[in-house]
Amino acid sequence: MKKVPFVTLEKAKEITAQIPTPFHLYDEKGIRENCRRLYEAFSWNPGFKEYFAVKANPNPFLIRILGEYGCGCDCSSMTELMLAETIGAKGDDIMFSSNDTPVEEFKKAAELGAIINLDDITHIDIVEKALGKLPKKMSCRYNPGGYFEVSNGIMDNPGDAKYGMTTSQIFEAFRIMKEKGVEEFGIHAFLVSNTVTNDYYPMLARVLFELAVRIKAKTGVKISFINLSGGIGIPYRPDEHGNDIDIIGSRVHEVYDEVLGAAGMGDVSLCTEMGRFMMGPYGGLVTTAINEKHIYKEYIGVDACAANLMRPAMYGAYHHITVLGKENAICDHVYDVTGALCENNDKFAIDRILPKISMGDLLFIHDTGAHGFSMGYNYNGKLRSAEVLLKEDGSFKLIRRAETPSDYFATFDCFDEFSFKF
Ligand SMILES: *Cc1c(COP(=O)(O)O)cnc(C)c1O
């Protein structure tokens, strides 16, 4: 499917007249429509709730939009918990799904009333000691081990992953937790990332639903919520087909009736912890072509770099690029599109076929709404960019300012011998 930016050249120019590139731009309309579709797809399940994976895009303005539809926050660090607190989330609105967890974070999660999703059986004791007693409502993360394969060949290897408890541990964990007074129980698993197939959730659901039935039979513990976590992907490439959340919802429904319904457990509520699916396609990195270089290859240098969007450098990930205003121009040039880092992997695209790019052209790098800004870093002294929300009515709003050099130097300002003034 042809990938079309959610912003026109004209609108982008209006924004860049006030906010210099590079910046991540977000599409409020797209975020809202997608979130509504998700809740409709799971409306058959009473209690369904999406906990937005804060790590995918920790911008409070965006998370607040999702909150209007009932989404909570999935946090996995102290500052993510603090961020959830800042936007007013508490209690069941926060899922704390972390691993290798410092004890202070368990304390903070408990203070906010978050649902603590334990990654390991040893954490039962740690949490009990830290809090005096276990919270009334808790969840455990499951790792079935081995390989997990979805029909189109996308596969992952949970047996090699650091997350979750083994099958025998999870039975034991629920037995202990019940004995120690926990009253409400949930299970969680995240087995494959970025799946572009409608099969992943239904297949994962079957694993977790069957596990819930076995847990009840073996331990007497009645699971009341099941967390399908993240992993629903998006089509980064034009030739990929996106997931159909309606189909996914109704196929999970079928498995639910077949496994849980048949076992007399038809009142289990479901939740998800999606990041990428909720935000990925509704963000784009807007950057200006500032240099061109003709050596053994043709290079276009832009004013953004891997510090603003790490996925291409880190995973070799594909991000589609549109030259704004040249959406329908003939693509007859082959470019590497690069940033300025002194790292040869700082390339947004390699051998990409694009229209002729002129200096000053605005490039729209697609699908940066999740794991885009949030993976940013300061290597080479590069500063994090601004974030801008393109609102439904066509107006725009700065929702995070760009870093300035004084942000970069802020961690030295406690030393008298340096007196940076900016
Ligand atoms: C990263 C993560 C998610 C979100 O994953 P997506 O692929 O972005 O949907 C959800 N839950 C946990 C525990 C995670 O670590």
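H188 touches S97, N117, S139, C140, R141, Y142, L208, N227, S229 and E273, leaving aside residues up to four places away in sequence; contact here means heavy atoms within 4.5 Å. The model is predicted, so local features need pLDDT of at least 70 and side-chain atom pairs count only at pLDDT 80 or more, while totals for chains, interfaces and linings use all residues. Residues are numbered from 1 along each chain as its sequence is written, and side-chain values use heavy atoms, with hydrogens and water left out.

H188 lies in strand 9, residues 184–188. Helices (H or I, at least four residues) and strands (E, at least two) are DSSP runs numbered from the N terminus. H188 counts as buried because its relative accessibility is 0%; buried means under 20% relative accessible area, exposed over 50%, and partly exposed in between, with a 1.4 Å probe and protein chains only. Its side chain makes a polar contact of 3.2 Å with the side chain of S229. Such a contact is a pair of N or O atoms within 3.5 Å; within protein, one must be able to donate a hydrogen and the other to accept it, and residues adjacent in sequence count only if both atoms are side-chain atoms.

The domain assignment gives domain 1 (29–280) and domain 2 (281–406), with bounds from an automatic or database assignment. Their centres, taken over C-alpha atoms, are 32 Å apart. Across the two, 25 residues of domain 1 are in contact with 20 residues of domain 2.

F415 is located in the segment after helix 12 (405–409). With a relative accessible area of 39%, F415 is partly exposed.
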